[in-house]
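Please examine the sequence and the three-dimensional structure shown here before reading on. The explanation that follows is meant to be read alongside them.

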Amino acid sequence: MSSEKIERVGIVGAGQMGAGIAEVCARAHVDVIVFEQTRELAAAGKARILKSLDRGVSSGKITEREREQAAARLTFTSELSDFADREIVVEAVLEDEAIKTALFVELDRVVTDPDAVLASNTSSIPIMKLGVATSRPERVIGMHFFNPVPVLPLVELISSLKTSDAVLARAERFAADVLGKQVVRAADRSGFVVNALLVPYLLSAIRMVESGFATRDDIDKATVLGLAHPMGPLALSDLIGLDTVKSIADSMYAEYKEPLFAPPPLLLRMVEAGLLGKKTSAGFYEYVNGRIAT
Ligand code: 3HC
């Protein structure tokens, strides 16, 4: 039996989700190793986390000392073999089934602790597909965080048909007791709970722009003022990343074959054009220093 305490975590990917998950772990007093493929990507991920920790200090959520301690708990590597002693690994790489599957094959090889939990932050890829890429599908689970991870309190937990109850319980204790998140459980169906609701809504908003049904500004204003959403669906699509919205929609369409999950042509063209939203400073909106340009 492994100890209940989880003290050594590995995060694969230091993009906006991976960086956010790593930050939340470090702030929760956990030792974190973050994997990125290159030194440049690791440096960008580190800068992202430090900037967010600074934001935590300036908004009074953490002290300078807590920021220093959190930063000291983070190590960056480009060798997956450094994950050998990790008790839980959360992967947050591109939303691409082939890439994630290959990564789980590697994690299965390098993580030596037989009790380790191998978790995916996938938004939409069924966990069973990732589990069967390993020799230990009972240790593979979905832990789906929400962007921005330091702000949004939810984690969806997704067991596949093969995930053991012990792994589910361990992942739940980690998310709730260690990271202080709220947990919901979802069946292993593409999109789980949140994206199964969110993605048709985002795609509908994009179709509205595409057809001239309403303007970008009016659609976002309507949902902020009429539904009390913190941001409209077009600004939210930009925040998530239009490439990610498309990938999630593709997975959901492949699973359900329902037109409401089919990415509209406008989304496809924007992705092809490299207009990916906030991360490229242009999507439905333009961004200056991470803020919508007025
Ligand atoms: N890191 C740390 N803290 C952050 C942050 C970040 N990246 N972004 C915002 N914050 C904090 C700020 O410090 C601020 O804290 P304070 O109130 O204590 O000062 C607070 O969040 C609000 O930030 P701002 O004042 O800068 O901006 P807003 O009030 O406009 O809030 C927002 C920004 C938090 C992004 C808010 O608009 C929001 O919650 N939007 C909805 C986001 C959402 O729906 N996310 C889910 C996406 S779906 C997903 O992730 C799943 C995936 O599979 C697609």
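The paragraphs below turn to the surroundings of the ligand and then to one helix that contributes to them. The model is a predicted one.

We begin with the ligand. Around the ligand there are 17 residues, and those that come nearest are S59, S123, N147, P148 and P230. Sorted by class, this shell consists of 10 nonpolar, five polar and two charged residues. Residues of the shell are given both by domain 1 (8–186) and by domain 2 (194–292), and therefore the ligand lies between the two domains. Helices α2 (39–58), α7 (194–211) and α9 (233–240) each supply at least two residues of the shell.

Two of these helices, α7 and α9, also pack against each other, at an angle of about 115 degrees and with their axes 9 Å apart. The crossing in which α7 passes α9 is left-handed. On the side of α7, the residues that meet α9 are Y201, L202, A205, I206 and V209, while α9 brings P233, L234, L236 and S237 to the contact. By class, this contact has eight nonpolar residues, one polar residue and no charged residues.

Because seven of its eight residues are buried, α9 is largely enclosed by the rest of the structure. The buried residues are P233, L234, A235, L236, S237, D238 and I240. Among the elements that cover these buried residues of α9 are α7, α8 (216–227), α10 (242–256) and β10 (291–292). After α9 comes G241, which has a positive phi, near 110 degrees.

Key: Residues numbered from 1 in each chain as written. Predicted model: local features only at pLDDT ≥ 70, side-chain atom pairs only at ≥ 80, totals over all residues. Near = placed C-beta within 6 Å. Helix = DSSP H or I, 4+ residues; strand = E, 2+ residues; numbered from the N terminus. Nonpolar A, V, L, I, M, F, W, Y, C, P; charged D, E, K, R; others polar. Domains from an automatic or database assignment. Axes fitted to C-alpha atoms, helices over the stretch in contact; angles between N-to-C directions. Left-handed = near helix turned anticlockwise from the far one by under 90°. Contact = placed C-beta atoms within 7 Å. Buried ≥ 20, exposed ≤ 12 C-beta atoms within 10 Å, placed from the backbone.
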